Amino acid sequence: MSADSDDGTLRSGFQLGTTFSGHRNVVRSAVFNPHTKTLCSLDERCIKVWKATNGAEVSQITFPSGKTCLVMDVIYVPELKIYFGASLDRILQVYDEKMQVCNSLPWGGKEPGTVALLKYNPKWDELITAGAGGVKVWACTVDGKVVQEDDPLDRYRSALSFDKISWRKKDRVILVKRLEMELPFAKDLKAAEAWVPKFYFEVELQLLFLFHAANVYVYNIDHEDGEEPGIEKHTVMVKPKWVWKDLHEQPITSIVFAAHPQGNKGGDLIITGSSDTKVKVWKQCQVTKQLLFQRYIGNHTKAVSCIVLHKSSFSVLSAALDGTVQMWSLDSFEPIHRAKLSTAVIDVTLMSQNQFFIRTKHEVKVFRLIHLHETFAQYNSAVVAITDAGDHCVLVQSEDSSARIIDTRTAEDLSTMVPAFSTQNLAKAIYSKRLRRLYAILTNGETLVYCMRTNPAKLKETWTTTQKEKVTCAVLCDAAALGLDQESRSAGGNSGRMQADQMASLNGELLAVG
């Protein structure tokens with residue numbers, strides 16, 4: 001359950017937290033519940049819920065001997081606090097947070113085959129499915145055939161209050177297919193070539209990216225402007241908005257859309273991964289809408305299995321069947337972090353800004369992202385030096401000749417030394433934690449002594465030297481360690497020799513200058 005159980009190589013930036021190895025069969029799917037801080041994973045024999053912090057099992061659904069788990073994929077919807085499970089018997093299972101079945105909704109008797117992948121669209125409270133028969137969009141509505149004694153208006157609410165329909169209402173709601181994607185590569189949706197195991201959904205743009213062979217098909221599944229979020233009488237066939245062909249030498253396995261944080265100034269990016277081991281970065285031409293190749297990132301040696309966007313750092317995580325997991329910046333296109341595991345990585349899922357889990361054949365591993373830079377504090381002047389000030393504090397020296405003590409836990413300015421009324425700039429700042437004093441050495445050799453017990457700091461003394469003995473550097477040290485008593489005084493300057501002057505020993509500390 002710990003990092004010690006992994007025999008791969010971890011580089012700086014990826015910290016292994018928990019390894020769950022409770023499955024004896026191939027793990028089909030895994031999903032994180034941010035509300036309960038648990039993960040739900042399933043194989044052909046059981047469904048397990050376990051704590052993300054230590055891997056302890058919370059609950060388990062085990063299927064009888066001789067019978068396999070019919071659930072192929074499971075997702076969690078935080079907005080509804082429910083799980084959706086797609087099963088082989090053409091049933092959508094709805095579970096509560098304790099994995100108790102609260103509803104079972106049939107996809108429809110005429111629907112072909114297996115649902116292999118589920119996605120939830122929070123904008124319209126809809127489900128997107130992929131598998132046999134292609135990709136479809138489903139909505140939940142009140143069953144008009146069921147007479148409700150407690151609320152006779154329930155049957156009409158599909159048009160009146162679509163957002164209030166509950167997926168939990170057993171025997172009162174039905175699934176209605178709203179959209180079906182037209183597949184240019186499959187003449188018959190009931191044929192084998194209509195099998196779609198994966199797709200990518202961009203929620204904000206309501207764009208669905210479907211990849212087949214080395215081609216990508218992009219669909220707009222949003223409701224039309226002004227359209228009421230009700231249920232259409234007939235299923236609408238959606239044609240691709242854009243088609244991008246021959247992006248790789250081998251089949252595409254993953255794709256993500258990355259909107260640049262600065263808007264159109266930086267240009268939005270599209271990143272694709274393939275069985276040819278390559279990860280490519282593209283930009284869309286504003287005129288032709290076709291993709292323009294930018295560059296390669298990543299250095300995987302086997303097929304790329306997954307690419308995930310890390311929005312807050314504008315970077316991507318890519319994983320491959322060679323066991324490598326890599327994080328690349330989309331600003332500099334330089335690698336940020338890398339890890340090498342001993343087994344193939346099948347899938348990667350972000351849990352939060354600084355946490356993710358990977359799925360291998362028989363295990364689920366939870367990692368923490370560390371050493372990612374975050375905005376700690378912002379100032380009007382550039383920072384030129386940061387030194388440790390003790391007690392969870394740092395001394396920050398700025399280009400405008402100011403210096404401040406900052407609490408690293410809260411980013412609060414505890415004391416600020418404002419720039420001195422002088423034409424000379426601040427060359428070096430030294431802080432005494434014991435006396436809570438700051439020694440500011442100016443470019444002309446003067447040393448200003450500030451008391452940092454108040455905010456702003458108060459100037460206590462000014463030490464001056466001759467031009468010949470101009471102070472150019474200084475260090476704070478322990479007088480006893482140097483074999484000097486408290487009355488000892490020392491200073492240094494351009495002459496290169498030590499002599500006594502105004503610099504006094506400081507209650508057991510000594511400021512040695514040169």
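Five strands form an open sheet in the order S11-S12-S13-S14-S18, with mixed pairing. Strands are DSSP runs (E, at least two residues), numbered from the N terminus. Two of them pair if DSSP finds at least two bridges between them. Strand S11 (115–121) and strand S18 (236–238) stand at the edges, each with a single partner strand, so one side of each lacks a neighbour in the sheet. Neighbouring strands of this sheet are turned by 30° against each other on average, direction ignored; axes are lines fitted to C-alpha atoms. Strands S12 (residues 126–131) and S13 (residues 134–142) run antiparallel and are joined by 6 bridges. Ala130 has Val135 in S13 as its bridge partner.

The model is predicted: local features need pLDDT of at least 70, side-chain atom pairs count only at pLDDT 80 or more, and totals for chains, interfaces and linings use all residues. Residues are numbered from 1 along each chain as its sequence is written, and side-chain values use heavy atoms, leaving out hydrogens and water.

A second open sheet holds 4 strands in the order S20-S21-S22-S23, with antiparallel pairing. Its edges are strand S20 (252–258) and strand S23 (291–297). Neighbouring strands here are turned by 25° against each other on average, direction ignored. S20 is joined to strand S21 (residues 269–274) by 6 bridges. Val256 stands opposite Ile271 in S21.

Strand S24 (residues 304–310) is largely enclosed by the rest of the structure, because 7 of its 7 residues are buried (under 20% relative accessible area, 1.4 Å probe, protein chains only). S24 and strand S25 (residues 315–320) run antiparallel, with 6 bridges. Val304 has Ala320 as its bridge partner in S25. The two strands form a hairpin with 4 residues between them. Phe314 in the turn has a positive phi of about 50°.

Terms used:
Axes fitted to C-alpha atoms, helices over the stretch in contact; angles between N-to-C directions. Buried < 20%, exposed > 50% of the residue type's maximum accessible area, 1.4 Å probe, protein only.
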